[in-house]
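Here is a short report on one chain. Keep the structure open while you read.

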Amino acid sequence: MNDTRSLVLIVDDNATNIDLLVNTLKDEYRLGISKKGETALEYAAKYRPDLILLDIMMPEMDGYEVCRRLKENPSTQAIPVIFITAMTETVNKTKGFTLGAVDYITKPFHAAEVKARVATHLALAAMKVQLEAQNELLERMVAQKTRQIQEMLDGIITSMALMVEIRDPYTAGHQQRVARLACAIASQMGLSPKIIEGIRIAGLLHDVGKIRVPVSILNRTGQLLDAEMDVIKIHPRVSYEILKGIPFPWPCARIVLQHHERLDGTGYPLGIRGDEILLESRILAVADVTEARSSFRPYRPAQGLEAALAELRELRGICYDATVVDACLAIFAEGEFRFECNERPATPDFGEKLLPSYR
Ligand SMILES: [Fe+2]
Ligand SMILES: [Fe+2]
(Lines give C-alpha, C1' and ligand atoms only; values in the text may rest on other atoms or scores of the structure.)
(Ligands and ions follow the chains in the order given, each with its own letter.)
Protein backbone atom coordinates (compact mmCIF):
# COMPACT_ATOMS: atom_id res chain seq x y z
CA MET A 1 0.00 0.00 0.00
CA ASN A 2 1.31 3.48 -0.82
CA ASP A 3 2.51 5.54 2.12
CA THR A 4 0.62 8.80 1.79
CA ARG A 5 2.32 10.52 4.72
CA SER A 6 4.18 13.74 4.01
CA LEU A 7 7.87 13.45 3.12
CA VAL A 8 10.24 15.53 5.27
CA LEU A 9 13.90 15.94 4.26
CA ILE A 10 16.34 16.39 7.15
CA VAL A 11 19.61 18.09 6.13
CA ASP A 12 22.28 18.10 8.85
CA ASP A 13 25.94 17.09 9.01
CA ASN A 14 25.63 16.07 12.66
CA ALA A 15 24.58 12.43 13.25
CA THR A 16 23.25 13.14 16.74
CA ASN A 17 20.98 15.90 15.49
CA ILE A 18 19.75 13.63 12.72
CA ASP A 19 18.93 10.86 15.21
CA LEU A 20 17.04 13.29 17.41
CA LEU A 21 14.97 14.62 14.53
CA VAL A 22 14.32 11.14 13.12
CA ASN A 23 13.09 9.90 16.47
CA THR A 24 10.86 12.90 16.83
CA LEU A 25 9.26 12.69 13.40
CA LYS A 26 9.46 9.09 12.19
CA ASP A 27 6.01 8.01 13.43
CA GLU A 28 4.15 10.72 11.55
CA TYR A 29 6.19 11.33 8.42
CA ARG A 30 8.26 9.66 5.77
CA LEU A 31 11.80 10.91 6.19
CA GLY A 32 14.72 11.61 3.88
CA ILE A 33 18.20 12.30 5.23
CA SER A 34 21.07 14.20 3.75
CA LYS A 35 24.35 15.15 5.38
CA LYS A 36 25.56 17.57 2.69
CA GLY A 37 24.11 20.53 0.87
CA GLU A 38 24.85 19.15 -2.59
CA THR A 39 23.12 15.82 -1.96
CA ALA A 40 20.21 17.65 -0.31
CA LEU A 41 19.64 19.64 -3.51
CA GLU A 42 19.72 16.47 -5.60
CA TYR A 43 17.29 14.72 -3.25
CA ALA A 44 14.92 17.71 -3.23
CA ALA A 45 14.88 17.94 -7.03
CA LYS A 46 14.30 14.19 -7.40
CA TYR A 47 11.75 13.47 -4.65
CA ARG A 48 10.14 16.89 -4.05
CA PRO A 49 9.79 16.57 -0.26
CA ASP A 50 6.83 18.34 1.36
CA LEU A 51 9.13 20.16 3.81
CA ILE A 52 12.88 20.54 4.46
CA LEU A 53 14.56 20.89 7.85
CA LEU A 54 17.86 22.57 7.02
CA ASP A 55 20.90 22.98 9.24
CA ILE A 56 22.74 26.26 8.72
CA MET A 57 26.30 25.40 9.76
CA MET A 58 27.52 22.69 7.40
CA PRO A 59 30.89 22.20 5.70
CA GLU A 60 31.29 22.86 1.94
CA MET A 61 27.85 24.30 1.30
CA ASP A 62 26.07 25.97 4.21
CA GLY A 63 22.31 26.03 4.77
CA TYR A 64 21.92 29.56 3.41
CA GLU A 65 23.41 28.54 0.06
CA VAL A 66 21.27 25.40 -0.05
CA CYS A 67 18.17 27.50 0.60
CA ARG A 68 19.14 30.06 -2.04
CA ARG A 69 19.55 27.33 -4.65
CA LEU A 70 16.30 25.63 -3.65
CA LYS A 71 14.44 28.91 -4.11
CA GLU A 72 15.95 29.70 -7.50
CA ASN A 73 14.98 26.29 -8.89
CA PRO A 74 11.34 26.38 -10.09
CA SER A 75 10.91 22.70 -9.23
CA THR A 76 11.91 23.13 -5.57
CA GLN A 77 11.13 26.77 -4.79
CA ALA A 78 7.68 26.05 -3.31
CA ILE A 79 9.00 23.56 -0.75
CA PRO A 80 8.82 25.13 2.72
CA VAL A 81 12.24 25.32 4.43
CA ILE A 82 12.68 25.46 8.21
CA PHE A 83 16.19 26.39 9.33
CA ILE A 84 17.81 24.57 12.22
CA THR A 85 20.21 26.81 14.04
CA ALA A 86 22.25 27.04 17.17
CA MET A 87 22.73 30.68 16.43
CA THR A 88 20.39 32.91 18.27
CA GLU A 89 21.38 36.24 16.83
CA THR A 90 18.53 38.00 15.11
CA VAL A 91 20.63 38.77 12.07
CA ASN A 92 21.05 35.07 11.26
CA LYS A 93 17.32 34.42 11.57
CA THR A 94 16.55 37.42 9.41
CA LYS A 95 18.94 36.21 6.72
CA GLY A 96 17.10 32.87 6.67
CA PHE A 97 13.73 34.56 6.16
CA THR A 98 15.20 36.82 3.48
CA LEU A 99 16.34 33.75 1.57
CA GLY A 100 12.79 32.34 1.65
CA ALA A 101 12.70 30.13 4.75
CA VAL A 102 9.30 29.91 6.47
CA ASP A 103 10.55 29.36 10.02
CA TYR A 104 13.49 28.34 12.20
CA ILE A 105 14.06 25.92 15.06
CA THR A 106 16.77 26.62 17.59
CA LYS A 107 19.01 23.93 18.97
CA PRO A 108 18.76 22.19 21.41
CA PHE A 109 15.50 20.73 20.06
CA HIS A 110 12.29 20.30 21.98
CA ALA A 111 10.39 17.43 20.38
CA ALA A 112 7.00 19.04 20.88
CA GLU A 113 8.17 22.30 19.27
CA VAL A 114 9.69 20.47 16.28
CA LYS A 115 6.48 18.49 15.78
CA ALA A 116 4.30 21.57 16.10
CA ARG A 117 6.32 23.68 13.66
CA VAL A 118 6.59 20.90 11.08
CA ALA A 119 2.84 20.15 11.30
CA THR A 120 1.92 23.83 11.06
CA HIS A 121 4.04 24.49 7.99
CA LEU A 122 2.92 21.32 6.23
CA ALA A 123 -0.70 22.36 6.81
CA LEU A 124 0.03 25.89 5.56
CA ALA A 125 1.78 24.55 2.46
CA ALA A 126 -1.13 22.19 1.75
CA MET A 127 -3.59 25.08 2.10
CA LYS A 128 -1.47 27.21 -0.22
CA VAL A 129 -1.45 24.47 -2.86
CA GLN A 130 -5.21 24.06 -2.48
CA LEU A 131 -5.78 27.82 -2.77
CA GLU A 132 -3.59 28.06 -5.84
CA ALA A 133 -5.46 25.19 -7.46
CA GLN A 134 -8.79 26.86 -6.65
CA ASN A 135 -7.55 30.19 -7.99
CA GLU A 136 -6.37 28.54 -11.18
CA LEU A 137 -9.74 26.83 -11.59
CA LEU A 138 -11.59 30.10 -10.94
CA GLU A 139 -9.38 31.99 -13.39
CA ARG A 140 -10.04 29.33 -16.04
CA MET A 141 -13.80 29.53 -15.40
CA VAL A 142 -13.79 33.34 -15.54
CA ALA A 143 -11.74 33.28 -18.77
CA GLN A 144 -14.13 30.75 -20.31
CA LYS A 145 -17.23 32.74 -19.28
CA THR A 146 -15.66 35.98 -20.51
CA ARG A 147 -14.95 34.31 -23.85
CA GLN A 148 -18.54 33.06 -24.06
CA ILE A 149 -19.94 36.50 -23.22
CA GLN A 150 -17.60 38.15 -25.75
CA GLU A 151 -18.68 35.69 -28.45
CA MET A 152 -22.32 36.27 -27.56
CA LEU A 153 -21.82 40.06 -27.69
CA ASP A 154 -20.07 39.80 -31.06
CA GLY A 155 -22.91 37.60 -32.32
CA ILE A 156 -25.58 40.05 -31.14
CA ILE A 157 -23.73 43.01 -32.68
CA THR A 158 -23.36 41.17 -35.99
CA SER A 159 -27.06 40.29 -35.96
CA MET A 160 -28.08 43.86 -35.19
CA ALA A 161 -25.86 45.12 -38.03
CA LEU A 162 -27.36 42.52 -40.36
CA MET A 163 -30.90 43.56 -39.50
CA VAL A 164 -30.32 46.94 -41.09
CA GLU A 165 -27.90 45.78 -43.80
CA ILE A 166 -30.20 43.05 -45.08
CA ARG A 167 -32.72 45.64 -46.19
CA ASP A 168 -30.83 46.81 -49.24
CA PRO A 169 -27.84 45.65 -51.29
CA TYR A 170 -25.90 48.92 -50.83
CA THR A 171 -25.82 48.58 -47.07
CA ALA A 172 -23.93 45.31 -46.85
CA GLY A 173 -20.47 45.57 -45.36
CA HIS A 174 -20.38 49.35 -44.87
CA GLN A 175 -20.47 49.26 -41.09
CA GLN A 176 -17.76 46.57 -40.92
CA ARG A 177 -15.50 48.54 -43.24
CA VAL A 178 -16.08 51.79 -41.35
CA ALA A 179 -15.39 50.01 -38.03
CA ARG A 180 -12.17 48.53 -39.38
CA LEU A 181 -10.91 51.87 -40.74
CA ALA A 182 -11.96 53.74 -37.58
CA CYS A 183 -9.99 51.26 -35.44
CA ALA A 184 -6.94 51.65 -37.70
CA ILE A 185 -7.15 55.45 -37.37
CA ALA A 186 -7.56 55.23 -33.58
CA SER A 187 -4.60 52.88 -33.38
CA GLN A 188 -2.50 55.28 -35.51
CA MET A 189 -3.47 58.04 -33.05
CA GLY A 190 -2.12 55.90 -30.20
CA LEU A 191 -5.45 55.44 -28.42
CA SER A 192 -5.73 52.63 -25.88
CA PRO A 193 -7.01 49.17 -26.87
CA LYS A 194 -10.01 49.71 -24.59
CA ILE A 195 -11.07 52.92 -26.37
CA ILE A 196 -10.44 51.28 -29.75
CA GLU A 197 -12.76 48.41 -28.81
CA GLY A 198 -15.53 50.93 -28.05
CA ILE A 199 -14.93 52.55 -31.44
CA ARG A 200 -15.10 49.14 -33.12
CA ILE A 201 -18.48 48.35 -31.59
CA ALA A 202 -19.89 51.81 -32.27
CA GLY A 203 -18.58 51.54 -35.85
CA LEU A 204 -20.27 48.19 -36.39
CA LEU A 205 -23.60 49.64 -35.29
CA HIS A 206 -23.38 53.32 -36.27
CA ASP A 207 -26.07 53.14 -38.97
CA VAL A 208 -28.38 50.68 -37.22
CA GLY A 209 -30.95 53.50 -37.00
CA LYS A 210 -31.49 53.19 -40.76
CA ILE A 211 -33.92 50.44 -39.83
CA ARG A 212 -36.43 53.33 -39.59
CA VAL A 213 -35.65 54.63 -43.10
CA PRO A 214 -37.90 53.17 -45.80
CA VAL A 215 -36.11 50.89 -48.26
CA SER A 216 -37.54 52.98 -51.10
CA ILE A 217 -35.46 55.94 -49.89
CA LEU A 218 -32.34 53.91 -49.12
CA ASN A 219 -32.33 52.42 -52.63
CA ARG A 220 -33.53 55.44 -54.53
CA THR A 221 -31.44 56.42 -57.52
CA GLY A 222 -30.96 60.08 -58.38
CA GLN A 223 -30.93 63.08 -56.06
CA LEU A 224 -32.96 62.80 -52.90
CA LEU A 225 -35.68 65.33 -52.15
CA ASP A 226 -35.25 67.50 -49.07
CA ALA A 227 -38.10 65.64 -47.38
CA GLU A 228 -36.34 62.35 -48.06
CA MET A 229 -33.09 63.75 -46.66
CA ASP A 230 -35.00 64.72 -43.51
CA VAL A 231 -36.04 61.09 -43.13
CA ILE A 232 -32.43 59.93 -43.64
CA LYS A 233 -31.25 62.36 -40.99
CA ILE A 234 -33.25 60.65 -38.26
CA HIS A 235 -30.94 57.62 -38.35
CA PRO A 236 -28.33 58.78 -35.78
CA ARG A 237 -31.09 59.48 -33.26
CA VAL A 238 -32.70 56.11 -33.93
CA SER A 239 -29.29 54.41 -33.57
CA TYR A 240 -28.93 56.22 -30.23
CA GLU A 241 -32.38 55.10 -29.06
CA ILE A 242 -31.62 51.48 -29.99
CA LEU A 243 -28.26 51.42 -28.21
CA LYS A 244 -28.80 53.67 -25.19
CA GLY A 245 -30.26 50.87 -23.03
CA ILE A 246 -27.26 48.57 -23.51
CA PRO A 247 -24.78 48.93 -20.62
CA PHE A 248 -21.65 49.03 -22.79
CA PRO A 249 -18.52 50.13 -20.92
CA TRP A 250 -18.15 52.76 -23.68
CA PRO A 251 -20.50 55.61 -24.65
CA CYS A 252 -21.54 53.74 -27.83
CA ALA A 253 -25.01 55.32 -28.02
CA ARG A 254 -23.57 58.86 -27.87
CA ILE A 255 -20.78 57.98 -30.30
CA VAL A 256 -23.29 56.87 -32.96
CA LEU A 257 -25.59 59.81 -32.19
CA GLN A 258 -22.76 62.19 -33.12
CA HIS A 259 -21.24 60.40 -36.12
CA HIS A 260 -22.71 62.90 -38.61
CA GLU A 261 -21.74 65.97 -36.60
CA ARG A 262 -19.12 68.26 -38.16
CA LEU A 263 -16.51 70.50 -36.53
CA ASP A 264 -18.05 73.67 -38.00
CA GLY A 265 -21.54 72.83 -36.73
CA THR A 266 -22.97 71.90 -40.16
CA GLY A 267 -23.61 68.29 -39.14
CA TYR A 268 -26.71 66.62 -37.77
CA PRO A 269 -28.74 65.90 -35.69
CA LEU A 270 -27.42 68.21 -32.93
CA GLY A 271 -25.34 70.70 -34.92
CA ILE A 272 -22.66 70.66 -32.21
CA ARG A 273 -19.10 71.84 -32.91
CA GLY A 274 -15.44 71.06 -32.31
CA ASP A 275 -14.65 69.44 -29.00
CA GLU A 276 -18.34 69.21 -28.15
CA ILE A 277 -18.26 66.20 -30.47
CA LEU A 278 -16.86 63.03 -28.88
CA LEU A 279 -13.40 62.11 -30.17
CA GLU A 280 -14.72 58.64 -31.04
CA SER A 281 -17.46 60.26 -33.17
CA ARG A 282 -14.91 62.50 -34.92
CA ILE A 283 -12.93 59.37 -35.79
CA LEU A 284 -16.04 57.54 -36.94
CA ALA A 285 -17.04 60.53 -39.10
CA VAL A 286 -13.73 60.45 -40.98
CA ALA A 287 -13.86 56.67 -41.46
CA ASP A 288 -17.51 56.91 -42.51
CA VAL A 289 -17.02 59.57 -45.16
CA THR A 290 -13.85 57.91 -46.50
CA GLU A 291 -15.64 54.59 -46.93
CA ALA A 292 -18.79 56.18 -48.29
CA ARG A 293 -16.92 58.29 -50.87
CA SER A 294 -14.90 55.29 -52.01
CA SER A 295 -18.00 53.19 -52.64
CA PHE A 296 -20.84 52.99 -55.06
CA ARG A 297 -24.07 54.77 -54.28
CA PRO A 298 -27.46 54.25 -55.92
CA TYR A 299 -27.39 57.89 -57.00
CA ARG A 300 -23.77 57.96 -58.22
CA PRO A 301 -20.86 55.65 -59.12
CA ALA A 302 -18.00 55.03 -56.70
CA GLN A 303 -15.68 58.02 -56.62
CA GLY A 304 -12.64 56.13 -55.45
CA LEU A 305 -10.29 56.37 -52.53
CA GLU A 306 -8.22 59.23 -53.98
CA ALA A 307 -11.30 61.45 -54.25
CA ALA A 308 -12.20 60.56 -50.66
CA LEU A 309 -8.73 61.44 -49.38
CA ALA A 310 -8.68 64.68 -51.41
CA GLU A 311 -11.90 65.71 -49.72
CA LEU A 312 -10.44 64.93 -46.30
CA ARG A 313 -7.48 67.20 -47.09
CA GLU A 314 -9.80 69.95 -48.30
CA LEU A 315 -12.05 69.83 -45.24
CA ARG A 316 -9.33 69.07 -42.70
CA GLY A 317 -9.89 71.26 -39.65
CA ILE A 318 -13.16 72.61 -41.15
CA CYS A 319 -15.54 69.66 -41.05
CA TYR A 320 -13.17 66.94 -39.91
CA ASP A 321 -10.79 66.81 -36.96
CA ALA A 322 -7.29 67.63 -38.24
CA THR A 323 -5.54 65.04 -36.07
CA VAL A 324 -7.98 62.35 -37.17
CA VAL A 325 -7.61 63.29 -40.84
CA ASP A 326 -3.81 63.23 -40.53
CA ALA A 327 -3.94 59.76 -38.98
CA CYS A 328 -6.26 58.54 -41.75
CA LEU A 329 -4.06 60.00 -44.52
CA ALA A 330 -0.96 58.50 -42.87
CA ILE A 331 -2.26 54.95 -42.76
CA PHE A 332 -3.26 55.06 -46.42
CA ALA A 333 0.03 56.75 -47.42
CA GLU A 334 2.00 54.08 -45.56
CA GLY A 335 -0.08 51.34 -47.18
CA GLU A 336 -1.11 50.08 -43.76
CA PHE A 337 -4.79 49.97 -44.62
CA ARG A 338 -6.89 49.06 -47.61
CA PHE A 339 -10.51 48.19 -48.07
CA GLU A 340 -10.85 44.54 -49.02
CA CYS A 341 -11.30 44.27 -52.78
CA ASN A 342 -13.87 41.50 -52.33
CA GLU A 343 -15.98 43.51 -49.91
CA ARG A 344 -19.49 44.14 -51.06
CA PRO A 345 -20.96 47.52 -52.04
CA ALA A 346 -21.49 49.91 -49.18
CA THR A 347 -24.55 51.40 -47.58
CA PRO A 348 -25.88 54.74 -48.77
CA ASP A 349 -24.78 57.08 -46.01
CA PHE A 350 -25.83 60.53 -47.15
CA GLY A 351 -23.40 62.33 -44.87
CA GLU A 352 -21.91 63.90 -47.98
CA LYS A 353 -25.30 65.40 -48.86
CA LEU A 354 -24.54 68.12 -46.37
CA LEU A 355 -21.45 69.26 -48.19
CA PRO A 356 -21.92 72.17 -50.58
CA SER A 357 -20.10 70.37 -53.38
CA TYR A 358 -22.78 67.69 -53.36
CA ARG A 359 -25.87 69.80 -53.21
FE1 LIG B 1 -24.68 57.34 -40.85
FE1 LIG C 1 -22.31 55.16 -42.18
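## Helix 12

Helix 12 has 16 residues. From first C-alpha to last, helix 12 reaches 23 Å, close to the 22 Å expected at 1.5 Å a residue. This is a predicted model.

## Overall shape

The chain has 14 helices and five strands. Its radius of gyration is 35 Å, well over the 21 Å that the globule rule gives for 359 residues, so the chain is more spread out than a compact globule. Along the principal axes, the C-alpha atoms fill a box of roughly 105 × 40 × 35 Å.

Buried residues make up 32% of the 359 in the chain. Among contacts with a separation of 6 or more, 64% join residues 24 or more positions apart.

## Helix 6

Helix 6 covers residues 174-188. At 1.5 Å a residue, its 15 residues should span 21 Å; the end C-alpha atoms are 21 Å apart, which agrees. Gly190 follows helix 6 and has a positive phi, near 80°.

Eleven of the 15 residues of helix 6 are buried, so the helix is largely enclosed by the rest of the structure. The buried set includes His174, Arg177, Leu181, Cys183 and Ile185. What covers the buried residues of helix 6? The cover includes helix 5 (111-165), helix 7 (193-205), helix 12 (279-294) and helix 14 (322-333).

## Nonpolar cores

The largest nonpolar core holds 37 residues. Which of them touch the most other members? They are Ala182, Ile185, Leu205, Ile283, Leu284 and Val286. Elements giving two or more residues to this core include helix 5, helix 6, helix 7 and helix 12. Helix 10 (235-243), helix 11 (252-257), helix 13 (305-314) and helix 14 also give two or more.

Take Leu205 from that core. Leaving aside neighbours within four places in sequence, Leu205 is in contact with Ile157, Met160, Ala161, Gln175, Ser239, Leu243, Cys252 and Val256. Apart from this core lies another, of 25 residues, among them Ile10, Leu54, Tyr64 and Ala101.

## Strand 1 and its partners

Strand 1 (residues 7-11) pairs with strand 2 (residues 30-34) in the parallel sense, over five bridges. Leu9 has Gly32 as its bridge partner in strand 2. Between these strands the chain passes through helix 1 (residues 15-25), and this β-α-β crossover is right-handed. Leu7 stands opposite Arg30 in strand 2.

Strand 1 also runs parallel to strand 3 (residues 51-55), joined by four bridges. There, Ile10 stands opposite Leu53. Four of the five residues of strand 1 are buried, so the strand is largely enclosed by the rest of the structure. In a regular strand, side chains alternate between the two faces of the sheet.

## A buried loop residue

Where does Leu263 sit? Leu263 is in the loop between helix 11 and helix 12. Why does Leu263 count as buried? A residue needs 20 or more C-beta neighbours within 10 Å to be buried. Leu263 has 23 inside 10 Å, so Leu263 counts as buried.

Not counting residues up to four places away in sequence, Leu263 touches Arg273, Gly274, Ile318, Cys319, Tyr320 and Asp321. Ile199 is 64 residues from Leu263 along the chain, and their C-alpha atoms are separated by 19 Å.

Terms used: Residues numbered from 1 in each chain as written. Chains lettered and ligands numbered in written order. Predicted model: local features only at pLDDT ≥ 70, side-chain atom pairs only at ≥ 80, totals over all residues. Rg over C-alpha atoms; globule rule 2.2 N^0.38 Å. Buried ≥ 20, exposed ≤ 12 C-beta atoms within 10 Å, placed from the backbone. Contact = placed C-beta atoms within 7 Å. Pairing = 2+ DSSP bridges. Right-handed = clockwise from strand over helix to strand, strands pointing away. Expected span 1.5 Å × (residues − 1). Core = buried A, V, L, I, M, F, W, Y, C linked by C-beta atoms within 7 Å.
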